[in-house]
Structure formats: C-alpha cells, structure tokens
Amino acid sequence: MDAIPNTSRTTVRRIPKNASYDRSAINAILDEALVCHVGFVEGGLPYVIPTLHARAGDRLFIHGSAASRLTRTLATGHDVCVSVTLLDGIVFARSVFNHSMNYRSVIIFGKATAIEGEEEKREAMRLFSEHAMPGRWREARQPTAVELKATLVLALPIEEASAKVRTGPPVDDEDDLTFSVWAGVLPLALCKGEPVTDTADIDLPGYLRGDGRWSR
Ligand SMILES: Cc1cc2nc3c(=O)[nH]c(=O)nc-3n(C[C@H](O)[C@H](O)[C@H](O)COP(=O)(O)OP(=O)(O)OC[C@H]3O[C@@H](n4cnc5c(N)ncnc54)[C@H](O)[C@@H]3O)c2cc1C
C-alpha cells in the first residue's frame, strides 16, 4: 500500500476506523467524482466553491476563468482545502439518531500553483474534458490560444490528503433492535439520463451510448 503520510490536519479523529490514507483509494475517489468543492479564505471570509476537477498522477487540477475569484485567489498561493464526496446510500437505522450515509470522501490540503506553459495548459484542458466526457476531446473543436489565455489552470499536489469511507448496514443501539420500523440501506448512484440532441442531423456519438462514464 502506498500511503500518504498523515499530518495533524489530515488525521481523522472522528470514527478513525473509516479513514484511509492509501493513495490508490484516494485517487479512485477523485477519479470517480465529477465535482469537488474548493474552500479558501479571502478577505477574512470563507468561500467554498463547487467546480470540476481532474487528476494526473499526484496532482489535482482545477480551472476557470482568469477573472474568477476562485482561480485568482488560488494562483497567489493561498491555503486551500479541496473536498470530494461520492454519496453511495442513505442508511436507515431504527432510531433517528443512528441514521447515517454511506459515502466515500476525500479532503486535500495544500497550496496550488498556476500552470503557465501553453502546452501544459492544453494537456490539463484535455484532462478536464476526458474526466467528465471521455472520448470528447478528440472530436470537439480544440481550445484556441486566446481561450487558453482566458483560462487559469491550477495544480494542487495530492500530498496532504485523507479519505473517509462508510459502508454497510445501520449500526443501532442494542435496545433499539426490537423497535418495529424498517431499517436498511437505500443505495444511491449518479446515473446518466437520455441525451437531448442539439444537432438533429448528427448521430449520437458512441461514448454517449451504452453504459459509458457514469455506470457503476
Ligand atoms: C455524505 C456525508 C454525510 C455526512 N454526514 C454527517 C453528519 O450528518 N454528521 C456528522 O457529524 N458527520 C457527517 N459526515 C462526516 C463528516 O464528513 C466528518 O467526517 C465528521 O463530521 C467529523 O468531522 P470533524 O471535523 O470532527 O473531523 P475530524 O476527524 O476532526 O477531522 C480531522 C481530519 O480528518 C479528515 N476528515 C474528516 N472528515 C473527512 C471526510 N468526510 N472525508 C475525508 N477526510 C475527512 C480531514 O483531513 C480532517 O481535517 C458526513 C460525511 C459525508 C461524506
């Protein structure tokens, strides 16, 4: 197991048996999630911004308009905390108190740096595209130099990170086990719907047919 060394910030204190610092477990959660939440403090106020991410090796990429608060703030080397959550189910216990959720989540702390070179930026753009829409990059029009210039791409090292995973049935108090109410897990998963065409004269591409990216 390739574990990421835990620090005082990433040591899971609440229910530590659900913690993991295994790099491949952390990467798998990051790769399955389409959305992360980026937290930072700017001007004395906390912001938590949802956005698309992509991973390559030990770096998490975030991008956006060069004019956005998110990208401008991160580019100055601010402390950042990125959180990713996959919701796998709602856990119905006998008591309201013991209801829970099954999930896989990751938290990363660190400082991001801006990607400057045009080619590295273009490669990061390919990663974002392939992360959300595998197969799309080679078909859609490629970014121009002007579009790349208008985009800030940030790379956050995945060096201070934790995962937390809850699986399984409800955990009820002994005294509640005889309480007569349904208990169990309602599994939840992100799935794709029926594509809605904007180009009636063009066939649906292969990557939108079949199970594709979001099947589990
Ligand atoms: C979908 C979902 C629903 C949840 N619902 C609840 C709820 O209703 N009530 C509740 O108390 N908790 C809930 N949790 C768990 C919650 O995320 C925290 O783990 C928990 O509240 C303990 O917080 P803490 O600050 O005391 O953690 P601590 O254990 O003190 O955190 C220390 C460090 O552990 C790591 N860590 C903590 N939580 C996570 C995590 N979820 N993923 C990855 N790393 C983590 C971080 O690095 C953090 O800095 C939920 C989690 C998810 C994903």
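Is Arg141 buried or exposed? Arg141 counts as exposed because its relative accessible area is 60%, where exposed means over 50%, buried under 20% and partly exposed in between (1.4 Å probe, protein chains only). The structure is a predicted model, in which local features need pLDDT of at least 70 and side-chain atom pairs count only at pLDDT 80 or more, while totals for chains, interfaces and linings use all residues. Residues are numbered from 1 along each chain as its sequence is written, and side-chain values use heavy atoms, with hydrogens and water left out.

The protein chain has four helices and 10 strands, these being DSSP runs numbered from the N terminus (helices are H or I with at least four residues, strands are E with at least two). Along the sequence they follow the pattern β-α-β-β-β-α-β-β-β-α-α-β-β-β, and the C-alpha trace spans about 65 × 50 × 35 Å along its principal axes. Of the 216 residues in the protein chain, 38% are buried. Among contacts (heavy atoms within 4.5 Å) with a separation of 6 or more, 71% join residues 24 or more positions apart.

A search of the whole structure finds 14 salt bridges, each defined as a side-chain nitrogen of Lys or Arg within 4 Å of a carboxyl oxygen of Asp or Glu. Arg141, with which we began, meets Glu147 in one of them, at 2.7 Å from N to O, and Glu147 counts as partly exposed because its relative accessibility is 32%. Helix H3 (residues 118-132) holds both Glu118 and Arg122, four residues apart, about one turn of the helix; their side chains form a salt bridge whose closest N and O atoms are 3.4 Å apart. In helix H3 too, Glu123 and Arg126 lie three residues apart and form a salt bridge with the closest N and O atoms at 2.9 Å. Glu123 is partly exposed, with a relative accessible area of 35%, and Arg126 is likewise partly exposed, at 29%. Elsewhere, Asp2, Arg23 and Asp58 are linked in a network of salt bridges.

Asp172 counts as buried because its relative accessibility is 13%. Not counting residues up to four places away in sequence, Asp172 touches Ala93, Arg94, Ser95, Asn98 and Leu177. Asp172 and Leu148, by contrast, are 24 residues apart in sequence and 53 Å apart in space, C-alpha to C-alpha.
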